[in-house]
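Dear colleague,

Here is the structure we spoke about. My notes on it follow below the files.

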Amino acid sequence: MNVVLWIVAGVLAALYLAAGGMKLATPREKLLENPNMGWTADFSGAAVKGIGAVEILGAIGLVLPQALDIAPVLTPLAAAGLAVIQIGAIIVHARRKETKALPMNVVLLVLAAFVAVGRFAG
């Protein structure tokens, strides 16, 4: 089970690093041009950057505390935080009727919850 948790946490970390990095590095106006990022119209540039920063911190928290055995309780907390981010994303996309985004949000929510529960139990 530990190997599965590492694989899932690694995949989630890679996805959140990429997504968060894109939100931090790309101006909001450029994100608005992407049809998959229409939700950014509902948020300020600072809020989008904040979401990106939280995603990057969550990605780091999924791996480093557990890998370095320094405050490993931070790993399930990071996973739980990313699950909360996905709940928020599901709500935003549902309100905007962006149904194409929902399946990925649900998968990310389930995977983050899996890591959170698995690491809290272990």
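Is Trp39 buried or exposed? In this predicted model, Trp39 has a relative accessible area of 9%, and since the cut-off for buried is under 20%, Trp39 counts as buried.

On aromatic pairs: searching the whole structure turns up 1. The partners are Trp39 and Phe43, with ring centres 5.5 Å apart and planes at 75°. Planes over 60 degrees apart count as edge-to-face, so that is the class of this pair. Phe43 is partly exposed, at a relative accessible area of 25%.

Next, the helix packing. Helix H1 covers residues 2-25 and helix H5 covers residues 102-121; their axes come within 10 Å and cross at roughly 135°. That angle makes H1 oblique to H5. The crossing in which H1 passes H5 is left-handed. On the H1 side, the contact is formed by Asn2, Val4, Leu5, Trp6, Val8, Ala9, Leu12, Leu15 and Tyr16. H5 contributes Leu108, Leu111, Ala112, Phe114, Val115, Gly118 and Arg119. By type, the residues in this contact of H1 with H5 are 13 nonpolar, 2 polar and 1 charged.

One further residue of H1 is Val11. Its relative accessible area is 44%, so Val11 is partly exposed. Val11 and Leu62 are separated by 51 residues in sequence, and their C-alpha atoms are 9.9 Å apart in space.

Regards

Definitions and conventions. Residues are numbered from 1 along each chain as its sequence is written. This is a predicted model: local features need pLDDT of at least 70, side-chain atom pairs count only at pLDDT 80 or more; totals for chains, interfaces and linings use all residues. Side-chain values use heavy atoms; hydrogens and water are left out. Axes are lines fitted to C-alpha atoms, for helices over the stretch in contact, and angles run from 0 to 180 degrees between N-to-C directions. Helices (H or I, at least four residues) and strands (E, at least two) are DSSP runs, numbered from the N terminus. Angles under 35 degrees count as roughly parallel, over 145 as roughly antiparallel, 65 to 115 as roughly perpendicular and the rest as oblique. A crossing is left-handed if the near helix is turned anticlockwise from the far one by less than a right angle, and right-handed if clockwise. Contact means heavy atoms within 4.5 Å. Ala, Val, Leu, Ile, Met, Phe, Trp, Tyr, Cys and Pro count as nonpolar, Asp, Glu, Lys and Arg as charged, and the others, Gly among them, as polar. Rings of Phe, Tyr and Trp (its six-membered ring) pair if their centres lie within 6.5 Å; planes under 30 degrees apart count as stacked, over 60 as edge-to-face and the rest as tilted. Buried means under 20% relative accessible area, exposed over 50%, partly exposed in between (1.4 Å probe, protein chains only).
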